[in-house]
Amino acid sequence: MPVSAVVGANWGDEGKGRLVDYLAARSDFVVRFQGGNNAGHTVHNDQGVFKLHLVPSGVFYPEVTNLLGPGVVVDLGAFATEVAELEAGGVDTSRVLVSDRASVVFPFHRELDRWEEERLGGRQMGSTKRGIAPAYGDRYLRKAVLVGELLEPRDRMVERVRSAVDWASLLATGVYHRPPIDLDEVLAWVDAAMDELAPRVVDTTSMLREALAGGRRVLLEAQLGALRDLVYGIYPYTSSSNCLAAFGPIGAGIPGAKVDRVIGVVKAFSTSIGSGPFVTEIHGDDADRWRVAAGEYGAATGRPRRIGHFDAFATGYGLAVQGATEVALTKLDSLSGREKLRICTGYLVDGEPAPTFPLASTLDRAEPVYETLPGWGDDIQAVRDFADLPQEARDYVAAIAALVGPPIRLISVGPERDQMIVMKTSR
């Protein structure tokens with residue numbers, strides 16, 4: 001299967017980076033196809049523990065080429081910092097490359113992001129304030145600067161940046177009542193960042209077309225999850241990009257390519273960062289203990305994640321819009337020690353069963369319908385065969401599999417690369 005995709009089925013933070021790190025050993029290219037540095041992937045392997053934000057999670061294999069595709073928005077400074085941190089940790093980044101068609105996230109995009117959240121006040125979207133929404137907005141308004149345009153002759157590059165700065169200054173002064181953006185400061189930032197970036201800028205489309213023609217294997221890596229997708233997520237509490245596997249070939253730079261295998265990553269319980277409805281959310285001491293025990297804090301921001309019981313209704317929807325062919329279930333080990341486990345099998349809206357996953361405006365009125373199962377006490381991190389799991393853990397997995405649709409093929413029972421159960425058949 002030359003093109004595969006690892007995508008999230010929920011609100012993000014499902015453990016996609018951990019899966020990409022596991023699967024990259026059998027890939028030639030790993031390609032991030034959307035998003036920016038507004039979220040992260042935490043990867044544990046024999047080289048250490050790493051938090052990735054822009055760099056694809058295949059970077060730990062020196063023979064794998066890692067690309068940021070044209071669907072990504074790139075903060076040049078954040079990219080340079082991340083590369084430097086990886087190299088300081090002994091990771092070879094020489095095969096990390098960036099599409100010339102990717103969009104630039106400038107410092108003023110971060111400011112615009114922050115100012116908009118301040119303007120919204122109590123109606124904030126929960127933005128990470130990394131400038132992602134303004135950068136994608138500029139792309140669709142045809143105001144963005146592409147990474148490859150920063151390699152143009154100096155006078156042409158300056159004019160392209162000036163055009164973006166002029167537009168941002170209109171927003172700064174006219175909407176947010178702030179001083180105009182300083183062009184010289186922006187150009188100095190570009191000059192400093194391009195020392196690191198310039199040698200890495202490539203035409204990813206030509207590179208990947210040639211690779212696929214030669215039978216090379218491409219793994220597409222998504223950021224966030226289906227419920228944060230701009231079109232099919234819980235709008236407006238979404239990201240500003242398309243997180244779905246169907247967008248993967250476009251965002252990677254190989255439009256028209258067929259994705260043969262779509263691995264929908266699902267956490268064994270529900271978590272979310274940011275604002276918006278979260279139907280199975282729990283609060284109080286239990287949520288706090290669960291969060292600490294499972295290490296549920298954002299890789300990019302460190303913010304505590306909201307905790308909820310497993311939402312099979314939302315997950316089934318997420319896997320369907322992803323077109324998932326199989327499921328990877330992560331963090332099953334984090335449930336060890338819980339006396340009872342609850343699975344949401346559907347929603348009641350105004351007292352009536354919801355026939356399909358609703359719009360965000362309706363989710364505010366949704367109530368979860370639960371099935372309760374017994375938990376287990378055993379530590380399962382050393383288990384490598386499904387049959388060796390406690391019966392309660394097997395029953396829990398089977399209940400999820402019966403509700404969400406695609407077969408569960410991989411089960412993560414710990415953060416390390418080898419802490420994985422490979423299912424030979426659905427169960």
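Predicted model: local features only at pLDDT ≥ 70, side-chain atom pairs only at ≥ 80, totals over all residues.
Biologist: Why is the pair F106 and F108 called stacked?

Modeller: Centres within 6.5 Å make a pair and planes under 30 degrees apart count as stacked, so the label applies. Both F106 and F108 are buried. By this rule the count comes to twelve aromatic pairs.

Biologist: What makes F313 and Y347 edge-to-face?

Modeller: The angle between their planes is 65°, with 4.8 Å from centre to centre. An angle over 60 degrees counts as edge-to-face, so that is the label. F313 belongs to helix 10 (residues 312-322) and Y347 to strand 16 (residues 340-349), so the pair ties together parts 34 residues apart in sequence.

Biologist: How do you know whether F313 is buried or exposed?

Modeller: Its relative accessibility is 17%. The cut-off for buried is under 20%, so F313 is buried. Y347 has a relative accessible area of 3% and is therefore buried by that rule. F313 and Y347 also belong to one aromatic cluster with Y317 and F357.

Biologist: Where does helix 10 lie?

Modeller: Helix 10 lies across strand 1 (3-8), strand 11 (261-267) and strand 15 (326-330), and runs at about 160° to strand 11.

Biologist: Why is R26 said to lie over the face of Y22?

Modeller: R26 is at 5.0 Å from the ring centre of Y22. The distance limit is within 6 Å, so R26 meets that part of the rule. K143 lies over the face of W167, at 4.9 Å from the ring centre.

Biologist: What makes R417 and D21 a salt bridge?

Modeller: Their closest N and O atoms are 2.8 Å apart. The rule asks for a side-chain nitrogen within 4 Å of a carboxyl oxygen, so the pair qualifies. R417 is in the loop between strand 19 (408-412) and strand 20 (420-422), while D21 is in helix 1 (residues 16-23), so the bridge ties together parts 396 residues apart in sequence. D21, at a relative accessible area of 1%, is buried.

Biologist: Why is D418 called exposed?

Modeller: D418 has 52% relative accessibility. Exposed means over 50%, so D418 is exposed. Its salt-bridge partner R384, with the closest N and O atoms 4.0 Å apart, is partly exposed at 34%.

Biologist: How many salt bridges does the structure hold?

Modeller: There are 26. Salt bridges that share partners join D13, K267, E296, R305 and K331 into one network.

Biologist: What makes strand 9 and strand 20 edges of the sheet?

Modeller: Ten strands form an open sheet of mixed pairing, in the order 9-7-5-2-10-1-11-15-19-20. Strand 9 (201-202) and strand 20 each have a single partner strand, so one side of each is left without a neighbour in the sheet.

Biologist: Why do strand 2 and strand 10 count as paired?

Modeller: Strand 2 (residues 29-32) and strand 10 (residues 218-225) share four bridges in the parallel sense. The rule asks for at least two, so they pair. V30 has L219 in strand 10 as its bridge partner.

Technical notes. Residues numbered from 1 in each chain as written. Heavy atoms only, no water. Phe/Tyr/Trp six-rings, centres within 6.5 Å; stacked < 30°, edge-to-face > 60°. Buried < 20%, exposed > 50% of the residue type's maximum accessible area, 1.4 Å probe, protein only. Lys NZ or Arg CZ within 6 Å of the ring centre and 35° of its normal. Contact = heavy atoms within 4.5 Å. Axes fitted to C-alpha atoms, helices over the stretch in contact; angles between N-to-C directions.
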